[in-house]
Amino acid sequence: MTDHTTTDTLRTPIVAVLGHVDHGKTSLLDKIRGSAVSEGEAGAITQHIGATDIPLDTISGMAGELIDPTDFDLPGLLFIDTPGHHSFSTLRARGGALADIAVLVVDVNDGFQPQTEEAIDILRRTGTPFVVAANKVDTTPGWNSQDGQPIQRSLEAQSERAESRLNENLYEIIGQLSDAGFSADLYWRVQDFQKNIGVVPLSAVTGEGVPDLLTVLMGLSQRFMKEEMAIDVFGAGEGTVLEVKDERGFGATIDTVVYDGVVHNGDQIVVGGQEEPIVTEIRALLQPRPLEEIRTEKKFEKVGEVGAAAGVKIAAPDLDRAMAGAPVRVVRDRPVEDVIEEVKAELAEIEVDTAEDGVVVKADTLGSLEAMANALREAEVPILRAEVGDIAPRDIAVAETANQDEHKAILGFNVDLLANAETELENADVKLFTDEVIYQLIEDYETYVEEKQRAQQ
Ligand code: GDP
């Protein structure tokens with residue numbers, strides 16, 4: 001007999017996949033989704049907005065002998081679909097997490113790279129439990145595919161050449177994790193995944209090790225959710241904006257991950273906006289139509305309500321100034337002013353120290369803005385103004401007001417220059433830097449400053 005009081009309060013854990021570009025985040029998500037679909041058991045997977053829900057039965061089918069579903073109270077796992085910078089930069093553990101658990105993907109031949117370090121910094125800062133996927137084991141010289149075997153057994157069955165090479169690479173990663181302050185080991189030697197980081201060797205291409213990864217994720221989630229996540233599944237919905245998107249027929253909409261409570265059609269909500277919180281009423285809650293109906297004109301289906309954890313598109317008036325990474329709160333049983341204050345307080349936690357003189361920073365989400373601000377603080381580059389959103393004429397005007405020449409610059413992370421700002425930029429004495437990698441962006445700016453200083457000497 002299961003303990004339903006416990007089961008009812010455990011919601012699906014939200015899992016984000018992070019790591020350096022090309023280390024295999026997309027391939028891993030595709031592999032997990034693909035094998036979940038082909039597992040095709042009772043409650044096959046459900047595609048949400050920005051996330052994929054894989055129920056416990058399907059996971060246990062995928063993990064074969066490694067998982068006994070009766071050991072778990074969790075309904076399944078919800079994987080955030082957009083790997084890399086999006087899940088990375090909206091990952092915030094304060095005031096409600098977007099992701100409860102993370103998978104850090106590291107190419108086993110390539111080891112730690114700059115975005116691995118960036119991801120580790122965020123995981124450390126937010127205290128998010130994670131597991132390392134040491135990916136691409138199939139590219140290790142001498143490796144023979146042992147498809148279907150648990151990876152530990154597979155490893156033991158490898159040729160000496162493959163094994164020693166792979167072990168060397170795996171221990172390099174374990175060493176790098178230790179340098180970063182985490183004690184880690186190969187997952188089958190780890191007793192407590194909350195104290196030690198489990199490293200799972202795998203291949204996102206052959207699928208070897210993926211069952212092992214799911215097993216570790218389930219174990220880690222179960223512990224974490226039991227201890228940290230006794231939530232009110234029937235309470236007022238809370239979520240985080242993943243993306244602000246224009247949708248034909250609906251105007252500006254927000255793709256949202258609901259991590260607590262329930263959101264109903266018609267609910268009044270408060271959403272973090274660019275100047276002030278936005279107070280509005282939900283016109284439609286939208287989820288993708290089932291695959292067989294997707295060829296029809298309408299991509300989305302209206303739903304009456306969604307409960308945590310789930311991805312959903314919210315259509316409501318005035319969402320065009322909503323910010324990716326900002327909180328969404330349903331107003332229920334309490335004054336709207338209280339909810340507005342709560343949203344403001346959460347936004348105020350995003351610390352960006354600005355100075356009298358400095359550069360202008362723009363980023364695609366609140367999380368990435370915060371990451372940029374931290375990186376700039378370390379590089380000792382002062383910030384005059386920092387905001388979420390594309391680069392607008394106003395930003396160029398602000399950058400021009402900087403005192404020092406080297407500060408007349410805009411650093412844009414994952415954002416575009418708006419068309420109406422192009423001529424403005426041409427005519428202004430402002431230098432624009434954009435990139436999708438934080439360290440690259442800052443390095444480019446530093447090089448520019450050095451060259452400028454050298455030219456002045
Ligand atoms: P992302 O940038 O982290 O999302 O990386 P991708 O998933 O796009 O993978 C980058 C490249 O590595 C692609 O060409 C993939 O096919 C390849 N790749 C990813 N995982 C594996 C793996 O396990 N084995 C092999 N051989 N190639 C892989």
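Helix 2 (residues 25–39) gives the most to the shell around the ligand, contributing three residues. This is a predicted model, in which local features need pLDDT of at least 70, side-chain atom pairs count only at pLDDT 80 or more, and totals for chains, interfaces and linings use all residues. Residues are numbered from 1 along each chain as its sequence is written, and side-chain values use heavy atoms, with hydrogens and water left out. Helices (H or I, at least four residues) and strands (E, at least two) are DSSP runs, numbered from the N terminus.

**Ligand site**

- The ligand is surrounded by 15 residues. A residue is near a molecule or strand if one of its heavy atoms lies within 4 Å of it.
- The closest are Asp-22, Lys-25, Thr-26, Ser-27 and Asp-138.
- By class, the shell holds three nonpolar, eight polar and four charged residues. Here Ala, Val, Leu, Ile, Met, Phe, Trp, Tyr, Cys and Pro count as nonpolar, Asp, Glu, Lys and Arg as charged, and the others, Gly among them, as polar.
- The side chain of Thr-26 has an N or O atom 2.5 Å from an oxygen atom of the ligand. A polar contact is a pair of N or O atoms within 3.5 Å; within protein, one must be able to donate a hydrogen and the other to accept it, and residues adjacent in sequence count only if both atoms are side-chain atoms.
- For Asn-135, a polar side-chain atom lies 3.0 Å from an oxygen atom of the ligand.
- His-23 uses its backbone: an N or O atom there lies 3.4 Å from an oxygen atom of the ligand.
- On its own the ligand has 570 Å² of accessible area, and the protein covers 70% of it. Accessible areas come from the Shrake-Rupley method with a 1.4 Å probe; for residues, only the protein chains shown count as cover.

- Eight strands form an open sheet with mixed pairing, in the order 2-3-4-1-5-6-8-7. Two strands pair if DSSP finds at least two bridges between them.
- Strand 2 (46–47) and strand 7 (184–186) are at the edges; each has a single partner strand, so one side of each is left without a neighbour in the sheet.
- Strand 5 (residues 101–107) and strand 6 (residues 130–135) run parallel, joined by six bridges.
- Ala-102 has Phe-130 as its bridge partner in strand 6.
- Helix 7 (residues 160–179) packs on the sheet and touches strand 5, strand 6, strand 7 and strand 8 (197–201). Its direction makes about 160 degrees with that of strand 7. Contact means heavy atoms within 4.5 Å. Axes are lines fitted to C-alpha atoms, for helices over the stretch in contact, and angles run from 0 to 180 degrees between N-to-C directions.
- Helix 3 (residues 56–63) lies across strand 3 (51–55) and strand 4 (76–80), at about 75 degrees to strand 3.

- A four-stranded open sheet has the order 20-19-21-22 and parallel pairing.
- Strand 20 (383–388) and strand 22 (431–435) are its edge strands, each pairing on one side only.
- From one strand to the next, the twist averages 15 degrees.
- Strand 19 (residues 359–363) pairs with strand 21 (residues 409–413) in the parallel sense, over four bridges. Val-360 has Ile-410 as its bridge partner in strand 21.
- Helix 11 (residues 393–400) lies across strand 19, strand 20 and strand 21, at about 170 degrees to strand 20.
- Helix 13 (residues 438–456) lies across strand 19, strand 21 and strand 22, at about 155 degrees to strand 22.

**Strand 12 and its partners**

- Strand 12 (residues 268–271) pairs with strand 13 (residues 278–281) in the antiparallel sense, over four bridges. A hairpin of six residues joins strand 12 to strand 13.
- Gln-268 has Glu-281 as its bridge partner in strand 13.
- Strand 12 also pairs with strand 18 (residues 327–330), again antiparallel, over three bridges. Val-270 stands opposite Arg-329 in strand 18.

**Backbone geometry**

- The peptide bond from Ala-308 to Ala-309 is cis, with omega near -5 degrees. Ala-309 is in the loop between strand 16 (305–307) and strand 17 (310–315).
- Asp-318 is not a glycine, yet has a positive phi of about 70 degrees. Asp-318 sits in the loop between strand 17 and strand 18.
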